[in-house]
Amino acid sequence: MLPSTIVRALTTPAFEPDHFTATQWSTAEDKAIFANALMKFIAHEFPRPGFGKALYQRLSNTFGHIAHTNQDGYYSVFFESDADKVVFLDQTLRWPCYGDRTYAFCDVERAVRWRLRAANVIDVFRMRDADATRNRELGTLAQLQAKYGANREETGNFAGVKRRVGAAAWGGTPKGRGDQAFETRLATDLGARH
């Protein structure tokens, strides 16, 4: 769950129709409804039930986004993991908001982009993604240590693996332990080949 300060920064005050300019095809109220729906969707961490057809159709035509085949495809590209959410938010924040507000939703894009920057919501998802990556990598490390028997304190330079595999294969000691003998042996082997 996002911190309440970020949720408030995203959702309040609500966007009003007088913040936007109507186009030939959409009213200023339509623009405000979209902006508020998008902010609520982001504030509630992109819930699948909150990603309705109207939000999908408008979102796939703003911020440089494309349809990704259909609503499910779009959702799976941008909202299933924290890493996906970072990609979505990054693209949304970097979009230069082209166009004339009497023909496009560029005024909404600018307002949403400003609010996302003020709330700094992307950093929350970046931290979560980094934590998930770290936990996944630590899990992999634990599995490899269990499989190969390396001690945790030896993993900094993979000394345990070098000691068991490298020293025997190279006829010397691994780098970091008896460097001089290892480098002498290596130089001798390389010199003999030339």
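Q: Why is His65 called buried?
A: In this predicted model, His65 has a relative accessible area of 6%.

Q: Which residues is His65 in contact with, leaving aside its neighbours within four places in sequence?
A: Its contacts are Leu59, Ser60, Tyr74, Phe78, Phe88, Gln91 and Thr92.

Q: What makes the pair of Phe51 and Tyr74 stacked?
A: Two rings pair if their centres lie within 6.5 Å, and planes under 30 degrees apart count as stacked. The centres of Phe51 and Tyr74 are 5.7 Å apart and their planes stand at 15°, so both conditions hold and the pair is stacked. By this rule, the count for the model comes to 20 aromatic pairs.

Q: How do you know that Phe51 and Tyr74 tie together parts that are apart in sequence?
A: Phe51 belongs to the loop between α2 (28–43) and α3 (53–59), whereas Tyr74 belongs to helix α4 (residues 71–78). The parts tied together are therefore 23 residues apart in sequence.

Q: Are Phe51 and Tyr74 buried or exposed?
A: The limit for buried is under 20% relative accessible area. Phe51 has 2% and therefore counts as buried. Tyr74 has 0%, so the term buried applies to Tyr74 as well.

Q: Why is the pair of Tyr56 and Tyr74 called edge-to-face?
A: Planes over 60 degrees apart count as edge-to-face. The planes of Tyr56 and Tyr74 stand at 75°, with the ring centres 5.7 Å apart, so this pair is edge-to-face. It links distant parts of the chain, with Tyr56 in helix α3 and Tyr74 in helix α4, 18 residues apart. Tyr56 and Tyr74 are both buried.

Q: Which residues form one aromatic cluster?
A: The cluster is formed by Phe41, Phe46, Phe51, Tyr56, Tyr74, Tyr75, Phe78, Phe79, Phe88 and Phe125.

Q: What covers the buried residues of α4?
A: The buried residues of this helix are Gly73, Tyr74, Tyr75 and Phe78. Their cover includes α2, α3 and α5. At the start of α4, a side-chain oxygen of Asn70 comes within 3.1 Å of the backbone nitrogen of Asp72.

Q: Why is Ala9 called partly exposed?
A: Buried means under 20% and exposed over 50%, with partly exposed in between. Ala9 has 28% relative accessibility, so it counts as partly exposed. Ala9 is part of helix α1. Not counting residues up to four places away in sequence, Ala9 touches Arg115 and Ala119. The C-alpha atoms of Ala9 and Val121 are separated by 9.4 Å, although the two residues are 112 residues apart along the chain.

Q: Which residues have the most contacts inside the largest nonpolar core?
A: Leu10, Leu38, Ile42, Phe79 and Phe88 have the most contacts within this core of 37 residues. Helix α2 gives the most to the core, with 8 residues. Leaving aside its neighbours within four places in sequence, Leu38 is in contact with Leu55, Leu59, Phe63, Phe88 and Val112.

Q: Why do Glu45 and Cys97 count as buried?
A: The limit is again under 20% relative accessible area. Glu45 has 17% and therefore counts as buried. Cys97 has 2%, so Cys97 is buried too. Glu45 lies in the loop between α2 and α3, and its phi is positive, at about 65°. Cys97 lies in the loop between α5 and α6, and its phi is also positive, near 60°.

Notes:
Residues are numbered from 1 along each chain as its sequence is written. This is a predicted model: local features need pLDDT of at least 70, side-chain atom pairs count only at pLDDT 80 or more; totals for chains, interfaces and linings use all residues. Side-chain values use heavy atoms; hydrogens and water are left out. Rings of Phe, Tyr and Trp (its six-membered ring) pair if their centres lie within 6.5 Å; planes under 30 degrees apart count as stacked, over 60 as edge-to-face and the rest as tilted. Helices (H or I, at least four residues) and strands (E, at least two) are DSSP runs, numbered from the N terminus. Buried means under 20% relative accessible area, exposed over 50%, partly exposed in between (1.4 Å probe, protein chains only). A nonpolar core is a set of buried Ala, Val, Leu, Ile, Met, Phe, Trp, Tyr and Cys residues joined through side-chain atoms within 4.5 Å. Contact means heavy atoms within 4.5 Å. A polar contact is a pair of N or O atoms within 3.5 Å; within protein, one must be able to donate a hydrogen and the other to accept it, and residues adjacent in sequence count only if both atoms are side-chain atoms.
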